[in-house]
Amino acid sequence: MGLSPAPASFFNFLKYPFSHFHIFHIQRITKMDILRFITCGSVDDGKSTLIGRLLYDSDSVSLDVLATLEKRRAGSGDVDLALLTDGLKAEREQGITIDVAHKYFTTPRRKFIITDAPGHVQYTRNMVTGASNADLAIVLVDARQGVIEQTRRHTLLASLVGIRHFVLAVNKMDLVGYEERVFRQIVADYQLIAGRLHLPEVVAIPLSALQGDNVVRPSRHLPWYTGPSLLDHLERVPAEADANPHEPRFQVQYVIRPQTEELPDYRAYAGRIQSGRYRAGERVRILPSGLETVLEAIELNQQEVASAEAPQSVVLRLRDDVDVSRGDSIVPLSAPPALTRELEATLCWMDERPLKAGRKLLIQHHAAVVKAAVTTIVDRTNVATFERVAADEAQLNDIVRVRLRTARPLVADTYRDNRATGAFILVEEQTGATLAAGLITATDPEAFAAPAENPLAFSI
Amino acid sequence: MDYLDRLEAEAIHILREVAGQFERPALLFSGGKDSIALTRLAEKAFRPGKFPFPLVHIDTGHNFPEILDFRDELAATLGEKLLVRKVADTIRERGLREPGGKYPSRNALQTYTLLDVIEEFGFDACIGGARRDEEKARAKERIFSVRDEFGQWDPRRQRPELWNIYNGRIQKGENVRVFPISNWTELDVWNYIQRENISLPAIYFSHERECVVLPSGQLLGLSEHLNLDDTDEIVSRRVRFRTVGDSTCTAAVESDAVTIDDIIQDLLLAKVSERGATRLDDNLSETGMEDRKRNGYF
């Protein structure tokens, strides 16, 4: 017995035949993983339409939502699939995406979390917001326009935050007669970008989001293309979240101290394992204090476990009654992180007011919040050429390399070594505004002098 | 790790950030499945300690009685503090106008009670069980959503939210709405309820109920709060509730599902979204939710 939708009268304006909705994921799915991906590219490249098409062709749009699209169908035109993601009034008025929308769908293979990021240059910071949590980036290019500056900018930002899997989605193939030559030229142009940025993996797919060619189903319009459809590829690409080769890192979020009759002396440290694996019984060091003790027990869901790994949220108990508070790190004695008051970092500057050297602000490094000063602006990356040029300030959406000095030592790794402990945000103390995304490039002042053209800086 | 383990670990991390960053947080508890799942997540985040926040229920006066009983029982079982504030009191104290019509929803009025209770206790963070899959305006909201002193949401001025670093720094009078299960879908919540063997109010399972047939064809559970007339058709149907807002604005769905397994099977076959099937208030205008959120609604 199925859950009854509202009677037909509720949807009597709906023109879609029911047969369209073949149900292909009826069985229970419990053992599957999650792939988080972002769509990027310029305004009008069709990102929202592509996501709409992906949801629509994979039968992930419910009838009532389709019905609202039907209502907005202009005359006899096609349904505007972009309206599935552009949820704000201003977005629908202007036909552009202003802020990140999150959409969800599931196939028998995985749960997908889609981040639909704005393409407009003005909203680049929202694109970085989406990219910071993604495993894969779909870079859309309009087949008529080819590779443009926004393609370069978004690819750079996605590569900067460490995305390893890229899809070059050459969209609107229907508008160039599905010509292979057009596709090949764009792929060749993009290869230059991929080479400069050392992108680990790029898969190029010709498609039409509007017509549905090659998004979920292969297209007869593209006989010369033998690769996977977009959804095929998304279902098969490995979810990197599971690969966790890093050294063990854990930061205290909250101290649990019930102080009840039954548990008068219980004291434990709640937090999320940021990377690696922890084992009960191993020796650990508390940072920044440097005190050593033994990891007495690991609790997960109120039960002791022998070991736990990232990204589990756990509770740690220590053998000795040492002073540990929110923001402190608990790490094994081998391969400790740096403890430093001097950092070099790449910033994506997200505030309308420019950043100048000497500015004091707060670094929020997960649970640790410390005062800091930007001592030097080293250089700025030209997003069109990827060259680093001299700069003495950072404007909105600029990518700059800076040096920072902190009021208290920070427990940190470089972003290349560890995406969890190498990332931070800059916050304005007075207003609380988030000013920048920060990626640590060096924790040792001796490494600060690295040559500016070091290409590895973009390749995480 | 299974995908549910991942969602769970993320939600626990977010709850602990609230505990670590704020002085006076609260968990907004409606008695529905999402906020019930949140209490389980809070147990996992803070036991053997107490929750670092009270459960706060905004009682519109149009709730289903089953939900209120369940609410009190759950708070007692958990041994956690429950604060209840009534929309009826707000209406009296502020001289607000009771909504009229056949289905007089107090849904919009609860924003006043919510903002009052935030001010009364100085709550600086309010945790809620909203999910991004519910509605298009919710899909746009951050996990930490900063609200001004009037509770207003301004989608154009949202803070960037990078990695899993949550910035809850606010100025006096502002507060943050926190949504730990933003990335869960309706099906994820049900899968979690099943895995964790979480008890739910009986209203979620199939039962015989007197219902009013709405012009849309939706079924509204019969209650004293509806202003019906002779033209209304009353039927008795086997129904369950997919979501439990007020009795005046939440429709039931016909269903024979008596177990969580049955419900999950129902959902896998459902062609209508949760809100589409059940909510009357979202259909008032295309931007109903966005407009209410801008005004301080959860």
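User: Before we count anything, what counts as a helix or a strand here?

Analyst: Helices are DSSP runs of H or I with at least four residues. Strands are runs of E with at least two. Both are numbered from the N terminus. Keep in mind that this is a predicted model.

User: OK. How many helices and strands are in chain A?

Analyst: Chain A has 7 helices and 24 strands.

User: And chain B, how many there?

Analyst: Chain B has 9 helices and 10 strands.

User: How much of chain A is buried?

Analyst: Of its 460 residues, 59% are buried. The accessible surface of chain A is about 18,400 Å². Carbon and sulfur atoms account for 48% of that surface.

User: What are the spans of chain B?

Analyst: Its C-alpha trace spans about 55 × 50 × 35 Å along the principal axes. The radius of gyration of chain B is 19 Å. That agrees with a compact globule of 298 residues, which would have a value near 19 Å.

User: What about contacts between residues 24 or more positions apart?

Analyst: Take the contacts with a separation of 6 or more. In chain B, residues 24 or more positions apart make 75% of them. In chain A, the figure is 72%.

User: Switching topic. Which residues have the most contacts inside the largest nonpolar core?

Analyst: A:Phe37 and A:Ile138. That core has 81 residues. Its largest share, 7 residues, comes from helix α6 of chain A, residues 180–196.

User: What does A:Ile138 touch?

Analyst: Leaving out residues up to four places away in sequence, A:Ile138 touches A:Phe37, A:Ile38, A:Thr39, A:Cys40, A:Leu50, A:Val167, A:Ala169, A:Leu230 and A:Leu234.

User: Which residues are in the other core?

Analyst: Another core, of 68 residues, lies apart from the largest one. Among its members are A:Val315, B:Ile14, B:Trp190 and B:Phe241.

User: Last one. Where does B:Arg242 sit?

Analyst: In chain B, in the loop between β9 (234–240) and β10 (251–254).

User: Is B:Arg242 buried or exposed, and why?

Analyst: B:Arg242 counts as buried because its relative accessibility is 3%, and buried means under 20%.

User: What does its side chain pair with?

Analyst: The side chain of B:Arg242 makes a polar contact of 2.9 Å with the side chain of B:Glu186.

Methods
Residues numbered from 1 in each chain as written. Chains lettered and ligands numbered in written order. Predicted model: local features only at pLDDT ≥ 70, side-chain atom pairs only at ≥ 80, totals over all residues. Heavy atoms only, no water. Core = buried A, V, L, I, M, F, W, Y, C linked by side-chain atoms within 4.5 Å. Buried < 20%, exposed > 50% of the residue type's maximum accessible area, 1.4 Å probe, protein only. Contact = heavy atoms within 4.5 Å. Polar contact = N/O pair within 3.5 Å; in protein donor to acceptor, adjacent residues only side chain to side chain. Rg over C-alpha atoms; globule rule 2.2 N^0.38 Å. Areas by Shrake-Rupley, 256 points an atom, 1.4 Å probe, with all protein chains shown as cover.
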